[in-house]
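Student: I would like to learn how to read a protein model feature by feature. Could you take me through one slowly, with the general idea before each case?

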Amino acid sequence: MKRIGNLWPAVIERGNLLRAFHQAARGKRHKQEVRRFAEDLDGSLDRLREEVIGRRFETGQFNVFMVYDPKERTIHAARFVERVFHHALMNLCEPVLERQAVFHSYACRKGKGRLRAIDAAQKAARGRAWHLKLDIRKYFESIPQERLISRLHRLFKDPEILHWLEKILRGHRPEEGKGLPIGSLTSQHLANFYLGPLDRFCQKHPVVKAYCRYMDDFVCWGDDKAAMTMLGKEIQTFVEQELGLALKHPPCPQPTGRGMDFLGYRIFPNHAELNRRSKVRYWRKLRLLDALYEDDMISAKALQERLTAFTAFVLPVRSHGFRRGVMEKLRSAAIGHEPGEPGRQLEQQREQLPRREPQQQHPGEHEQQHRVPSGSQLRPTGVDAPAMSMGLNRPPSRSSPVSGGDKTTTRPSGAGSPVDPGSKAPGGWMVTFAAFLALLWPSTAGAVVIGLPDLEASRLLGQTFGGVGTLEIVETSGSYRGTGVLLSDRWVLTAAHNWDADAVTRLSFSINGQRHEAESWVQHPGWDGSFSAQQGWDADLVRLAQPVAGFGSTRLYAGNAEYGLTVTVLGTGLAGAAGGVSDLNGSATVFGFTNTIDRVISLNGPDGPGGLLVYDFDNGQTARNSLAVVAAFDAFGVPVAGNSSIAGSGSSSLPTGVEGTSAPGDSGGPAFADFGNGPELVGIVSWGVNPTEPGNLYGSGYGDTGYLMRTSSLQGWIHGVIPEPHTASLTIAGLLLCFRRRRQEDFPASEPAGEPPQTGSGVDSRFHTKPRRLQC
């Protein structure tokens, strides 16, 4: 094995440390230790670099706590500064470790993940009679540190790399000499690397017809039961002698047709479904969340986030009947009846009421609602009521979970559920969860937050523009939604932060009721994962597997006259009126709002075309006019001093006709302006912050400042990836002309007099998407 060296200079390079900071801070920018580190980012990175170079940096200082689901584990969470160093180290070491992995190892690897493992297991089960599923007993706690260090010495030759890897390893349970801390980035990759010899042993064994591993859970498939039994004994011996580990259960082959429990699912040759344990855990968590919310121990934000996480777990497999059952039980619990209660009983209850007497609500008595509330029911009173948070387009979040909001909604005193603020009845929050599950079936709702009392004007505005749709993102951590705009019939422009390129497992674009799977995507090379008034390039281009029928192209604005313009911003995320709470948007309706560009931030110098477009959400009050005297704000709501690259000053507090701001799920949504020749694309939704509400920095309420990625800065990149339609047409025409000339030169006597030469029956379709210059 060739040892790898010369990695250490790249580890401590400033750009790598900065990238490591953004990786470690992703989704955690609201935490105190992250904010302290970011207050003096340059100084913090310099101190980290100096301590690491001088070998004075302390590792192994963990925040230790227990988790009990799905089983009891001890978690060791490192300090934030140590997590930054772990990312910096693994940015260089991970590619080396990756080259040692086999194809069918799916844990903690780019382009792999849990869903890919499920698909691989299902395909491997087809046509195989027997499977042998095994796992390691207390794997992370049992890894021999010296054996792992010895293997690392055979792989790396940088003394500094080896020094820090050894220090990180030996800093955990040094008295026992074994174990890796669960919760550390380095532990994931090193634990995956340690089982590489087991992968190669199983794959090369003649009995094994197919193989799959996800961390310490691995499966072998074969056709002969006796041979599989012997294989199990050989694997057990290999694990004990070569790896110093032990299997959790004695190996025993099982028939493939009966199904196999793997990663929380039951895998069959032709389908996968939830296993019994996952269903029990699902209902147990529902009851726990019910109790926590009813006792005011968790907020509406936390409730929705947790529901999103474990509901996303059931979506990738056959679970339609289970989800229907969940919805039926929740609906029944919310209205106080048992599931399946006969309608005759309801008729008897109706007959007990006095006939021809109107059933009016008594004073002080709350009217019971048996349906998902409308937007007006969800809005708190007052024009300054806080909205549901941003999500997809807000730091610290990357994207909008399928449930919607990601920040706490202010509830009135004594409020019970987020749906019925005046009710404390059991099952009240279940109506919210039923609405959340209803996202899995067609429903109606909207996107964005506007200042008008209802959303009708916003909905009508959204219907006047074409090419806008919903991006549906599936990652190893859950499902998310964003917005995108078609530039051509095959290419979608959206925000780069909508997904983690290392974790995404499926990507699709839905428009006009049709879903189109993504074939590939191209991330802007300038995007580094950070949100800042001085950082842009939050852009991705997605290529669809099939063209969208009936769509032409979107015009891109290439000038620099956006300052002071009124733009129309569109999105398919959440919706809210009067600056209030956002509704769920299960149907992904396109809604829109208007706003005025108050600032133009140039990233390519004072006169450069690139950068960000900034607006604020006004309601006529001076206190909510965020950009009245401040040039811009950073991602933490701190004013940015005047800068020659920031054009524009002051800001009117008067709202536009459909004044609004973006909400969760709108990231990547287009912003159009009319320069006299029809709408042109000037920007896409990137991020925002609300400096007028320090306690609700990422809420989509009045005073919100929104940042659009300026598309004029993306012109060169976009045309470098997507050929312009007229360029492709000219190339095809040039090809045909060249072909005709060649035929005339090569076969002058073969053509009948007075007739033009034949050009052939067609042209290679590659020239429609990748034009080439031809020498004629």
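**Charges, rings and packing**

Tutor: In this predicted model, the charged end of lysine 112 sits over the ring of phenylalanine 103, 3.4 Å from its centre; a charge is taken to sit over a ring if NZ of Lys or CZ of Arg is within 6 Å of the ring centre and within 35 degrees of the ring normal. Arginine 151 likewise lies over a ring face, that of phenylalanine 193, at 4.2 Å from the ring centre.

Student: What should I know about the numbering and the values before we go on?

Tutor: Residues are numbered from 1 along each chain as its sequence is written, and side-chain values use heavy atoms, with hydrogens and water left out. As the model is predicted, local features need pLDDT of at least 70 and side-chain atom pairs count only at pLDDT 80 or more, while totals for chains, interfaces and linings use all residues.

Student: Where is confidence lowest, and where is it highest?

Tutor: The score to read is pLDDT, the predictor's confidence in each residue, from 0 to 100. The mean pLDDT of the protein is 77, and 73% of its residues reach 70 or more. Confidence is lowest in helix H22 (residues 766-769), at a mean of 28, and highest in E5, at 97; helices (H or I, at least four residues) and strands (E, at least two) are DSSP runs, numbered from the N terminus. Over residues 401-427 pLDDT stays under 50, and the model has 74 contacts for them beyond four places in sequence, a contact being heavy atoms within 4.5 Å. Residues 745-776 also stay under 50, with 37 contacts beyond four places in sequence.

Student: How many helices and strands are there?

Tutor: The protein has 22 helices and 29 strands. Buried residues make up 53% of its 776 residues, where buried means under 20% relative accessible area, exposed over 50%, and partly exposed in between (1.4 Å probe, protein chains only).

Student: How do I read a pair of aromatic rings?

Tutor: A pair of aromatic rings is described by the distance of the centres and the angle of the planes. Rings of Phe, Tyr and Trp (its six-membered ring) pair if their centres lie within 6.5 Å, and planes under 30 degrees apart count as stacked, over 60 as edge-to-face and the rest as tilted. A search of the whole structure finds 16 aromatic pairs. Phenylalanine 201 and phenylalanine 238 form one that is stacked, at 4.6 Å centre to centre and 15° between the planes. Phenylalanine 201 lies in helix H11 (residues 196-204) and phenylalanine 238 in helix H12 (residues 225-242), so this pair ties together parts that are 37 residues apart in sequence. Phenylalanine 201 is partly exposed, with a relative accessible area of 24%, whereas phenylalanine 238 counts as buried at 15%.

Tutor: Another stacked pair is formed by tryptophan 687 and tyrosine 707, with 4.0 Å centre to centre and 5° between the planes. Tryptophan 687 lies in strand E28 (residues 679-689) and tyrosine 707 in strand E29 (residues 705-710), so the pair ties together parts that are 20 residues apart in sequence. Tryptophan 687 is buried at 2% relative accessibility, and tyrosine 707 is buried at 1%.

Student: How are E28 and E29 placed in a sheet?

Tutor: Strands of a sheet pair through backbone hydrogen bonds, either parallel or antiparallel. Here eight strands form an open sheet in the order E20-E18-E27-E28-E29-E22-E21-E25, with antiparallel pairing; two strands pair if DSSP finds at least two bridges between them. Strand E20 (591-596) and strand E25 (646-647) stand at the edges, each with a single partner strand, so one side of each is left without a neighbour in the sheet. Six bridges join E28 to E29, and glycine 683 stands opposite arginine 710 in E29.

Student: Which residues of helix H3 are buried?

Tutor: An α-helix has 3.6 residues a turn, so residues three or four places apart point the same way. In helix H3 (residues 32-39), Val34, Phe37 and Ala38 are buried. These residues cover an arc of only 95° around the axis, which puts them on the same side of H3; the arc is that of the directions from the helix axis to the C-beta atoms. The face turned away from the buried side carries the exposed residues Gln32, Arg36 and Glu39. The buried residues of H3 pack against helix H2 (14-25), helix H4 (41-53) and helix H5 (80-98).
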